Amino acid sequence: MDAGPRFYKSLDLQKQDFQSVLERCADAGGKLLSVHSVRSSPAVLDMVEEFFPLSRGTVVLDWFTGTIRDAQRAAGLGCYFSVNAAMTRTAKGQALVKALPLNRILTETDGPFTLSEDQRPAEPRSTHEVVNAIAALRSAERSGVTAAVVSNLLTLLGPSDTPF
């Protein structure tokens, strides 16, 4: 959902549509949802809590910009967070990334909407930049952050006979 100035007028319709998606995915079960929550984190979390039980699937909060309290609530609801380089370049984003549970972090590029270190549109190979930034912000070893992100992804994907 996007409650920013550009889309605020459609927020009620967005909520109706989001509820419908959540309900249908809950009915089907086993779904992995990537959800944007632009200026709408509390409303998104309220709806996830009401219409998409943890036992029915998993939510990944894409480019999450909510508060630390929202992030704690989301983690309690079983949500994951995708982190991109842009999130690690602002004071608010840095505080949020440091506060996210490491066992709930995934990397993303969101290209072409964010730029990599060399000012080119981000792409999948840009995830090394994100891992480096997360490690630096958390005063952690890059290898440990990498292992956690890979483990989180494998947990999300579930059991598979195909090697990753």
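User: What is the relative accessible area of S139?
Analyst: This is a predicted model, in which local features need pLDDT of at least 70, side-chain atom pairs count only at pLDDT 80 or more, and totals for chains, interfaces and linings use all residues. Residues are numbered from 1 along each chain as its sequence is written, and side-chain values use heavy atoms, with hydrogens and water left out. Buried means under 20% relative accessible area, exposed over 50%, and partly exposed in between (1.4 Å probe, protein chains only). S139 counts as exposed because its relative accessible area is 69%.

User: What is phi of S139?
Analyst: S139 lies in the loop between α5 (127-137) and α6 (142-157); helices (H or I, at least four residues) and strands (E, at least two) are DSSP runs, numbered from the N terminus. Most residues other than glycine have a negative phi. S139 is not a glycine, yet its phi is positive, at about 50°.

User: In which loop is R39?
Analyst: R39 is a residue other than glycine with a positive phi, near 50°. R39 counts as exposed because its relative accessibility is 64%. Its place in the chain is the loop between β1 (31-35) and α2 (41-51).

User: In what order do the elements of the protein run from the N terminus on?
Analyst: The protein has six helices and four strands. Read from the N terminus, their order is α-β-α-β-α-β-α-β-α-α.

User: What is the radius of gyration of the protein?
Analyst: The radius of gyration is taken over C-alpha atoms, and the globule rule is 2.2 Å times the number of residues to the power 0.38. For 164 residues the rule gives 15 Å, and the value for the protein is close to that, so the protein is as compact as a globular protein of that length. Its C-alpha atoms fill a box of roughly 45 × 40 × 30 Å along the principal axes. The radius of gyration itself is 16 Å.

User: Within what arc do the buried residues of α2 fall?
Analyst: The buried residues of α2 are S41, V44, L45, M47, V48 and F51. Seen down the helix axis, they line one face of α2 because they fall within a limited arc, that of the directions from the axis to the C-beta atoms. Their cover includes α1 (11-28), β1, β2 (57-62) and α3 (68-76).

User: Which residues does L102 touch, not counting residues up to four places away in sequence?
Analyst: L102 sits in the loop between α4 (91-99) and β4 (105-107), and it counts as partly exposed because its relative accessibility is 28%. Its C-alpha atom is 7.8 Å from that of V149, 47 residues apart along the chain. With contact meaning heavy atoms within 4.5 Å, L102 touches R138, A148 and N152.

User: How far apart in space are A99 and I68, C-alpha to C-alpha?
Analyst: A99 is found in helix α4 and counts as partly exposed because its relative accessibility is 38%. In sequence, A99 and I68 are 31 residues apart, and their C-alpha distance is 6.7 Å.

User: What share of the contacts in the protein with a separation of 6 or more comes from residues 24 or more positions apart?
Analyst: Of the 164 residues of the protein, 43% count as buried. Among contacts with a separation of 6 or more, the share from residues 24 or more positions apart is 61%.
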